[in-house]
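Please look over the model below alongside these notes.

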Amino acid sequence: MKGLVHIYCGDGKGKTTMAIGSAVRAAGRGMRVLIARFLKTDDSGEVLALAHVPGITLLPCDQNFGFSWEMTPAQKQAASVYYRDNFYKAWEMAVGQDGEGGFDMLVLDEIIGACNLGFVDEDLVLNSIRHRPEHMEVILTGRGPSEHMEKCSDYITEMVMRRHPFEQGIGAREGIEY
């Protein structure tokens, strides 16, 4: 089976949820799935649940830099090094350069935002995707994919926010938004 590239984007809720659903579906069919997360922490419900799903490997996201618009220049530099290194690690694992045989699906959750913020070089990501193993399915999530990212994808699904509880002053709720 030829692997395809998916983008789940937009300002609406559901990008990560859709990616995780695809990962669970793939694992349920015996595929090996690797999930790398960017711009997030490990304090989210899916992290706890995915630890119990056979066939899914979730890389830790154990450093928190806060919101990008609140970061100091030093924090932005540290975030850039951290997320770039995480991308390299995820890619090496995904394609089997770590000696473990590689994965059938790679989910790069919030990689689009990490690229947009300059934390991960978009050209590096796109070049890697272009040279992936033919069978590997790749899922990219985040807001505002570039035209170049869109051109390299086979699926683009956009979540549109029409209404959100945040507009009513309701913050993120454990188990629902994180």
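**Notes on salt bridges and pockets**

1. Arginine 84 is partly exposed, at 33% relative accessibility (buried means under 20% relative accessible area, exposed over 50%, partly exposed in between, with a 1.4 Å probe and protein chains only). Its salt bridge partner is aspartate 85, with the closest N and O atoms 3.8 Å apart; a salt bridge is a side-chain nitrogen of Lys or Arg within 4 Å of a carboxyl oxygen of Asp or Glu. Aspartate 85 is partly exposed too, at 39%.

2. This is a predicted model, in which local features need pLDDT of at least 70 and side-chain atom pairs count only at pLDDT 80 or more, while totals for chains, interfaces and linings use all residues. Residues are numbered from 1 along each chain as its sequence is written, and side-chain values use heavy atoms, with hydrogens and water left out.

3. The structure has five salt bridges. One of them joins aspartate 42 to arginine 37 at 2.9 Å, N to O. Arginine 37 is buried at 3% relative accessibility, whereas aspartate 42 is partly exposed at 29%.

4. Lysine 151 and glutamate 147 form another salt bridge, at 3.2 Å between the closest N and O atoms. Both residues are exposed, lysine 151 at 63% and glutamate 147 at 53%.

5. Which residues line the second largest pocket? They are Met1, His6, Ser22, Arg25, Ala26, Arg29, Met31, Met105 and Glu137. Lining residues have an atom within 4 Å of a point of the pocket, an open set on a 1 Å grid over the protein atoms alone, where a 1.4 Å probe fits, with protein on both sides within 12 Å along at least five of seven lines.
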